[in-house]
Amino acid sequence: MSRSRIARPTEVAALRAVARSARPLPPVPALLAALLEANERRNREGVQLCAHRVVRASEPEVGEA
């Protein structure tokens, strides 16, 4: 029995919308402040999200440099 991926129409529309628009990230100091706040509150998901956004905002995209 083979399992194939079933694409949902909303998923395709969402991926197209994301590809059309650039999402500007907040400045790095604001992201670091949010990271510290999440860490103080012991919010692991918030820490991970903020850490990933800091890296994304501070590093050039692959192939840009």
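Tutor: Before we look at the predicted model, note that a residue is called buried when its relative accessible area is under 20%, exposed when it is over 50%, and partly exposed in between, with a 1.4 Å probe and protein chains only. Because the model is predicted, local features need pLDDT of at least 70 and side-chain atom pairs count only at pLDDT 80 or more, while totals for chains, interfaces and linings use all residues. Residues are numbered from 1 along each chain as its sequence is written, and side-chain values use heavy atoms, leaving out hydrogens and water.

Student: Which residues of α3 are buried?

Tutor: In α3, the buried residues are G46, C50 and V54.

Student: What makes these buried residues line one face of the helix?

Tutor: Seen down the axis of α3, the buried residues fall within an arc of 70°, so they line one face; the arc is that of the directions from the helix axis to the C-beta atoms. The face turned away from this buried side carries the exposed residues R44, E45 and H52.

Student: Why does R41 count as exposed?

Tutor: R41 has 63% relative accessibility, and therefore it counts as exposed, whereas E37, at 35%, counts as partly exposed.

Key: Helices (H or I, at least four residues) and strands (E, at least two) are DSSP runs, numbered from the N terminus.
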